[in-house]
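Here is a short report on the salt bridges of one protein model. Look at the structure first, then read on.

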Amino acid sequence: MRRLLAGLCLLAFCALVQAQVPHVAKVREFDDIIDSGVLKVALYQNFPPYSYMVDGEARGVDVELAEQLAGGLGLKVELLWISPDETLDDDLRNFIWRGHYLRPGIVADVMLRVPYDREFSYKQNELGELINELVVMFGPYQRERWQSAFDQRRLEEVSSVAVFQYHPVGVEVESVPSFYLSSVLNGNIRKMLHHYPSTQAAFAAMQDGEVDATMGMRGEIDWLLKQANDSNLQLADNAYPNMGRQVWDLGMAVHESNRQLAYAIEGVLEGLIGDGSLERIYAGYGLRYELPGLYQTD
């Protein structure tokens with residue numbers, strides 16, 4: 001009887017240990033991807049102008065880029081929509097190497113809108129281990145920066161954020177613009193800050209006259225201005241003293257075992273950049289396209 005109980009306890013312990021070991025999804029190899037005829041691409045959901053749905057149809061810059069990349073490899077595209085987790089590291093884990101508990105065993109072949117940044121790529125935890133050692137970040141395709149917009153019926157110009165000391169400005173809650181504007185100029189802008197759930201909501205507040213200006217990522221502001229089609233809403237001169245990083249490049253990510261796919265995608269991407277196709281995609285959404293640093297020449 002004691003042996004039976006001991007055996008049952010051992011089985012229970014083994015099951016518990018097995019349950020606690022994180023499941024790692026099976027990553028498709030390059031040849032398997034080509035044979036399948038499909039490239040699985042992870043994109044952030046509800047993130048215009050980059051990736052969003054309209055009447056059941058996927059739209060956005062990243063959606064069209066994903067289609068072009070897949071087409072360049074002779075493949076069709078299958079989109080996996082990302083609901084952002086707490087950090088980008090979590091998103092990479094859920095969609096590139098381990099998979100999400102709601103989709104066990106399923107990961108994307110490639111993920112878009114990932115920072116192309118050496119410091120982020122080699123970020124370490126408190127033990128000195130690479131946090132994203134199972135991920136390769138590559139293929140910068142866009143340079144992004146911060147941008148302000150204002151309503152010239154209530155503001156003549158915005159040559160510096162100093163004017164926000166006297167005019168209400170709307171920003172997304174817990175965003176970089178929020179943290180920046182609440183601390184710059186000795187915190188003198190803080191009392192004029194209005195917080196909203198998203199950049200879109202902050203922009204709508206400017207249209208409704210609740211605030212005189214807003215600040216967000218340039219791509220979002222450009223797209224919102226095009227949608228508004230209102231000559232009273234203008235781009236501000238970008239002057240953000242003591243902000244730190246104001247410009248960053250965005251690229252892609254694959255599993256570290258799938259570098260062959262990364263090389264193939266980079267080849268297609270270089271063609272899209274070289275012949276102006278990517279810039280035309282951005283222009284179609286009212287966005288100004290800026291080459292990533294990798295492609296800029298002095």
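A salt bridge here is a side-chain nitrogen of Lys or Arg within 4 Å of a carboxyl oxygen of Asp or Glu. The model is predicted. By this rule, it holds 13 salt bridges. Three of them are listed below.

| Pair | N to O distance | Separation in sequence |
|---|---|---|
| D117 and R245 | 2.6 Å | 128 residues |
| E290 and R145 | 2.8 Å | 145 residues |
| R154 and D212 | 2.8 Å | 58 residues |

**D117 and R245.** These two side chains form a salt bridge. D117 sits in the loop between β5 and α5, and R245 in the loop between β10 and β11, so the pair ties together parts that are 128 residues apart in sequence. D117 is buried, at 17% relative accessibility.

**E290 and R145.** This pair also meets in a salt bridge. E290 lies in the segment after α10 and R145 in strand β6, so the contact links parts 145 residues apart in sequence. E290 has a relative accessible area of 17% and is buried. R145 is partly exposed, at 24%.

**R154 and D212.** Their side chains meet as well, 2.8 Å from N to O. R154 belongs to the loop between β6 and β7, and D212 to the loop between α7 and β9, so parts 58 residues apart in sequence are tied together. R154 is partly exposed, at 29% relative accessible area. D212 is buried, at 8%.

Definitions and conventions
Residues numbered from 1 in each chain as written. Predicted model: local features only at pLDDT ≥ 70, side-chain atom pairs only at ≥ 80, totals over all residues. Heavy atoms only, no water. Helix = DSSP H or I, 4+ residues; strand = E, 2+ residues; numbered from the N terminus. Buried < 20%, exposed > 50% of the residue type's maximum accessible area, 1.4 Å probe, protein only.
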